[in-house]
Amino acid sequence: MNLVNTGRGVNSAAWNRVFFGFLVVAVAFILLVPRAGAEGPAKGDLAVEPGPGQWIVLRLDPRYFPARVPAPPIRDPAGVGVQALPFTVNYNPPGCQGSTSAWPSAAQTAFDYAGSILASLLDGTQPIEIDACWRSDLGTNVLGWATTGALWPVNDSWAPIGLANQLEGTDLNGSDAEVLADFSSSANWYFGADGNPPSGQADFVSVVLHEVYHGLGFIGSLQRDDGVGTAECNGAAGVGCWGWGTDTPIIFDRFVENGSNQNLVSDFANPSPELGTQLTSNNLFFDGPNANAANGGNPARLYAPSTWSLGSSINHLDEDTYNGTQNALMTPVIAYGESAHHPGPIGLGIFQDMGWGIAGAPPTPSLSIDDVTVTEGDAGTTDAVFTVTLSPTSAQQVTADFTTADNTATAGTDYQANSGSLSFPAGSTSQTITVQIHGDTDDEPDETFWVNLSNPSNAIIADGQGAGAITDDDDARSTPSLSINDVTVTEGDAGTVNAVFTVSLSPASDQPVSVDFATADNTATAGADYQANSGSLSFPAGTTAQNITVQVNGDTADESNETFLVNLSNPSNATIADGQGTGTITDDDTAASGDVNGDGVVDTQDVTEMAGAWGATDAGALDQYDLNLDGIVNILDLMIVASQLGDTPGVDSDNVDDAIAITSGQTVSGQVSADDIDDVFSISASAGLMITIEMAGTGAGDADLYLYPPGTSDVDTDPWEAVSENIGNDEFIEIELSEAGDWYVDVFHFEGEPVDYSVTVTLSSAVAAAETGRPGSGDVPAGKQARK
């Protein structure tokens, strides 16, 4: 595996190192391969951290505080030079950002001395390379900041690359640096190695130790969103999170808990406001067995002030608790005159809990789980027995939790879920976990599940994921096939009717089957005659039928029966035997009298066709155009067509059956004259609604308007059936409707020249006293009124 790091170095242009004041940039992870389950990266997964994670800041306290923590014995008697854990420093490498200047030789000597201190405390075989920049633009009282060069998946967590290299026993990131760090060139430094800085000077060796210690592992991913600019979590102010957009924390995060022993990673949602509250509670601790032992048996308090400090909160020991003690190195500030040339017992304990080897300390025992393969059988259960090994043996009791997780196998169906805790008494080196595998006779692929270890005490996890492989031992059945039927539906006059196709699978399958479907036009047209539909069907194991519904549109047009198709494609775990269903739409409409061309409406095209067949006596013409059945196509047939043109405003309509149907809010227009007595419109309404009819007329003549109730037989010969007074041009009617049905609006030519008119009919649910005429013309009670 190759770890790609575009941190500072030859290829450093791929990431930005941008700071403003004390701003620390958190960059999200990118995972190139999916992980199995939510416990962290699976075995063999490759993770890439494209830039530094979180830069951890050390600030200056400008007061004088002459506290001293001496250095440990240096392994190299000369003090500088060949070291047990090799350290290399690249001073001002090409990837440095901001305003840099040449490193003073005294600063380089002090830096090398700080490396010899860490080499004397930490055990390891892989070299540590540090990219160090000497900058003048870090901001007031900022002495330095640092981060890990990259991260690598170790069991269920991300590990800083320097630690990962030691745990894996190889240099995973090659020539790239393990630690990235910047130091202020404008600070008033003390470069001596004796740990005695005078008043007004900051001890450079202490600052180097502090920042490199962060880069090697004293660093987490816990964040609290400020709701401004780049989203640290989800963009909502006060929300806490970890993992930088992944479901995997850094090793350090897994040890952080509150004063009630609630673990921030496992006991709070990620992200969540509740987690954000914890991060500013001043009540957070590092709870690891070695750190606790170094702290009198108690968890070590972390820096979690009530105001979140990006790049400082959580990633330090608490200032008020440990300032001036032997554990002061990893607090968030250092004062003039103060020196700490040792991370202290708690700092070493934290590193040991995360997996670092500590010089002179017995190695922390580690837990590993093996992989298991079993043949499922045809019935009952078979035991998959996993062995968890502890190495080396421990004088303390070791515990760890375990739980199963699905991969391609499913708990309850393929295996029985299991979870619990393992306990290793002092001196014990192995324990077992048993998972029951369900036998069946289904022919299926081999499947796998996981057994994950977590929450170790007095040990670390070296290999925390066991793979359980279930080998199938059943013979394959014949491949099932898919077929779709044909469907016939009657269209109806309005709305839609469902054409339901059945797709059958035969025989039933032990495996899930899927197939795609899509409609296609034949003589029917999508959108006009039916609604297009497409998608996928899924047949769970044992299922033999699924349905596809296509909505067919109703209409009143007299037309031929029509067809559309439903096609199957892309089967999975099956073949297609009959992949095309035909949907037949049966027409149920009869052509209106006068609709000689059968398009569903009587219009001028029918008049044109009738005129073209004038005088015909042949059977074909008589069958279509001889509407009065007198044996010849003549003027009488043409008059029948003309009498049906009442669907067009402005043409005489002397019977309500010819009325044009309109809808609420629709405006219709036309012309009435002495030769063209009435135009009639109908609107379907419910009793109790308020109807408002407005008419605008133009021209030298006058037009009147009336409203007739349902059931009126002839508006011309029975005017007293009107429920409204007659009104003229530019007036309106407003009446509460007394019954449901088709109400008729009659535009009548009263006198003078022809009148061009427009009428708008509106229905509303507001019931009020009706009034006619324009405001001020007087009220008329609701209900029927005599025509005047």
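Helices (H or I, at least four residues) and strands (E, at least two) are DSSP runs, numbered from the N terminus. This is a predicted model, in which local features need pLDDT of at least 70 and side-chain atom pairs count only at pLDDT 80 or more, while totals for chains, interfaces and linings use all residues. Residues are numbered from 1 along each chain as its sequence is written, and side-chain values use heavy atoms, with hydrogens and water left out.

Q: How many helices and strands does the protein chain have?
A: The protein chain has 10 helices and 48 strands.

Q: What makes a space in this structure a cavity?
A: On a 1 Å grid over the protein atoms alone, a cavity is a set of points where a 1.4 Å probe fits but cannot get out. The structure holds one cavity of 30 Å³ or more. The largest cavity has about 50 Å³ of space. That volume is the space filled by probe spheres set on the points, which are joined across faces, edges and corners.

Q: Which residues line the largest cavity?
A: Lining residues have an atom within 4 Å of a point. Here they are L58, S206, H210, A328, L329, T331, V333, I334, E338 and A340. Both α3 (204-216) and β19 (333-336) supply at least two residues of this lining.

Q: How is the lining of the largest cavity divided by class?
A: It has six nonpolar, three polar and one charged residues. Ala, Val, Leu, Ile, Met, Phe, Trp, Tyr, Cys and Pro count as nonpolar, Asp, Glu, Lys and Arg as charged, and the others, Gly among them, as polar.

Q: Why is W244 called buried?
A: Buried means under 20% relative accessible area, exposed over 50%, and partly exposed in between (1.4 Å probe, protein chains only). W244 has a relative accessible area of 6%, so it is buried. W244 is in the loop between β15 (240-241) and β16.

Q: Why is N261 called exposed?
A: N261 has a relative accessible area of 55%, so it is exposed. This residue is in the loop between β16 and α4.

Q: Why is D378 called partly exposed?
A: The relative accessible area of D378 is 47%, so it is partly exposed. D378 is found in the loop between β23 (372-375) and β24 (381-391). Its C-alpha atom is 5.1 Å from that of T441, 63 residues apart along the chain.

Q: What share of the protein chain is buried?
A: Buried residues make up 49% of its 788 residues.

Q: What makes helix α2 mostly covered?
A: In α2 (residues 161-168), six of the eight residues are buried. They are I161, G162, L163, A164, N165 and Q166. Their cover includes β7 (128-135), β8 (142-148), β9 (151-154), β10 (157-160), α3 and α7 (344-354). Cover is judged by contact, meaning heavy atoms within 4.5 Å. Just after α2, G169 takes a positive phi of about 70°.

Q: How do you know that β44 pairs with β46?
A: Two strands pair if DSSP finds at least two bridges between them. Seven bridges join β44 to β46 (residues 741-751), and the two run antiparallel.

Q: What makes β16 and β18 edge strands?
A: Three strands form an open sheet in the order β16-β17-β18, with antiparallel pairing. β16 (256-258) and β18 (300-301) each pair on one side only, and are the edge strands. Strand β17 (residues 284-286) pairs with β18 over two bridges. F285 has R301 in β18 as bridge partner.

Q: What is noted about the phi of W244 and of N261?
A: Most residues other than glycine have a negative phi, and most peptide bonds are trans. Phi of W244 is near 50°, a positive value in a residue other than glycine. Phi of N261 is near 65°, also positive.

Q: Where is P507, and what is the peptide bond from S506?
A: P507 is in the loop between β33 (496-506) and β34 (513-521). The bond from S506 to P507 is cis, with omega near -10°.

Definitions and conventions. On a 1 Å grid over the protein atoms alone, a cavity is a set of points where a 1.4 Å probe fits but cannot get out, and a pocket is an open set with protein on both sides within 12 Å along at least five of seven lines; lining residues have an atom within 4 Å of a point.
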